[in-house]
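Colleague: I have not looked at this one before. Could you walk me through it?

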Amino acid sequence: MMSAIVSARAGNSVLLLEKLPKIGAKLKATGGGRCNLSNTLSNEVFMQHFGRDGRFMSHSLELLDHHKLIEFFDSIGVKTDALDGFRIFPVGHNSKFIISALEQEMQNIGVEILCNQKVRSLEHDGTSIIGIHSSTHSFKTSKVIIATGGMGYPTLGAEGDGYELAQEVGHSIKKLYPAMMPLQTKESWVALCTADTIAKATLRVDLKKYKKLSAIGDLIFTKNGIRGPVVLDFSREITPLIDKFGEVPMLMNLTKGLNEEQIRQHFKVQLSKKPTHTTLSLVHTLLPQALSLELCHIANADPEIALNKLSGIVRDKLISILAWTPLTIIGHDGFKMAMITRGGITLKEIDPKTMQSKKLNGLYFCGEVMDLDGPCGGYNLQWAFASGFVAGSN
Ligand SMILES: Cc1cc2nc3c(=O)[nH]c(=O)nc-3n(C[C@H](O)[C@H](O)[C@H](O)COP(=O)(O)OP(=O)(O)OC[C@H]3O[C@@H](n4cnc5c(N)ncnc54)[C@H](O)[C@@H]3O)c2cc1C
């Protein structure tokens, strides 16, 4: 939609082909229906969150950073806010404002939209695009922008068609993984701890070469694993490791970052205030009741007796588990629950200044179909809009 608007504003005749009955199905679902369309980070920091390839976005963000995106939406009648100082939403926090403004602007400037049109193939003469074919129609054109998204939430349209279209004209695809989704654990005790949100949990991969992978944020246990903002963000690092190793050992700090020494100190203070604490009630000063009980069980600590009645070994084990609780990730629900796709069309085959294919003249890409993915917080939509702006401008 961004590409179509920018291109039509420059005087081109633009046709948008959408395979679903309506445009913007995924956009509608973003941010829990509120559409977290960008964030307030500087371009430098923004790019760092995409990892090593983040710099690919440099030129696009120079042309359309979050300030210019806000101006763009303002120009089509949507005011935005960032009430937490970070995440940018349309005022009113409803994605329908974004979609109807984009639709209205496309109508105003003469973008033709055809829905229920699944694009099936590209036509070319070996060096340049000459046409495109949908299920029912063929169109002659010298320029095509592929904006087909990733593989996540396939009911919202993106099912990986763009990868096939690109592959057929010689592009390579970096291996695809589902990302931003809940994870499943080997440990079944998690099912007994689903009632509470654990704030500021730290997750760390416990594999020799990957010890640096960690994340902090809110965590929720599920009947078969973990979810919550920290898990959504971390899952994009974990799914490739599950693929490689089968299971991924992790360590979690659920005590807001306290180390063993600080936990001992905390217990000392609590006991000086209330000497009658049982081990369970003492742990419960740090964690929810159900979780406290499960961690006592893992340490083989009798929850009902006083901490100083436990053997030294058991006490040490409990404290060590409170500092770093082990958890084993064994799976996920696949693309159907993935908000983002990791992998995609190889970046070195795309010109970052124009988004044009280096394989075929007149073919362009934008958004999630390319091999770039960011964390939660407006990163992926900002990238989709910025790359869409560049593709449309060219
Ligand atoms: C539930 C959910 C919530 C999210 N929340 C946020 C958020 O708040 N902030 C954020 O930054 N990111 C969020 N994301 C990620 C974000 O939505 C995507 O990264 C972004 O929409 C990608 O934009 P895109 O234009 O590349 O692809 P999409 O938005 O997926 O659009 C691709 C379009 O192409 C159509 N299409 C696909 N194949 C064909 C074909 N062969 N022919 C014709 N049409 C085709 C699809 O139907 C679809 O309409 C969320 C994702 C999900 C699933």
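Colleague: How many Å separate the centres of domain 1 and domain 2?

Modeller: The centres, taken over C-alpha atoms, are 39 Å apart. Domain 1 is 2–176 + 341–393 and domain 2 is 182–332, with bounds that come from an automatic or database domain assignment.

Colleague: What numbering is that, and what kind of model?

Modeller: Residues are numbered from 1 along each chain as its sequence is written. The model is predicted, so local features need pLDDT of at least 70 and side-chain atom pairs count only at pLDDT 80 or more, while totals for chains, interfaces and linings use all residues.

Colleague: How many residues does each domain put into the contact?

Modeller: Domain 1 gives four residues and domain 2 gives six. Two residues are in contact if their C-beta atoms, placed from the backbone, lie within 7 Å. On the side of domain 1 there are two nonpolar, no polar and two charged residues. Ala, Val, Leu, Ile, Met, Phe, Trp, Tyr, Cys and Pro count as nonpolar, Asp, Glu, Lys and Arg as charged, and the others, Gly among them, as polar.

Colleague: Switching to helices. At what angle do α1 and α13 cross?

Modeller: Helix α1 (residues 2–9) and helix α13 (residues 379–393) cross at roughly 30 degrees, and their axes come within 7 Å. Axes are lines fitted to C-alpha atoms, for helices over the stretch in contact, and angles run from 0 to 180 degrees between N-to-C directions. Helices (H or I, at least four residues) and strands (E, at least two) are DSSP runs, numbered from the N terminus.

Colleague: Which residues of α1 and α13 make the contact?

Modeller: From α1 they are Met2, Ser3, Ala4, Ile5, Val6 and Ser7, and from α13 they are Phe385, Gly388, Phe389, Ala391, Gly392 and Ser393. By class that is seven nonpolar, five polar and no charged.

Colleague: And how do α2 and α6 pack?

Modeller: Helix α2 (residues 25–33) packs on helix α6 (residues 95–108) at about 155 degrees, with the axes 8 Å apart. That makes α2 roughly antiparallel to α6, a term for angles over 145 degrees. Leu27, Lys28, Thr30, Gly31 and Gly33 of α2 meet Ser95, Lys96, Ile98 and Ile99 of α6.

Colleague: Last one: which residues of α11 are buried?

Modeller: In α11 (residues 289–298), Leu291, Ser292, Glu294, Leu295 and Cys296 are buried, meaning that 20 or more other C-beta atoms lie within 10 Å of a residue's own, C-beta atoms being placed from the backbone. The buried residues of α11 pack against α10 (279–283), α12 (312–323) and β16 (325–332).

Key:
Parallel < 35°, antiparallel > 145°, perpendicular 65-115°, else oblique. Buried ≥ 20, exposed ≤ 12 C-beta atoms within 10 Å, placed from the backbone.
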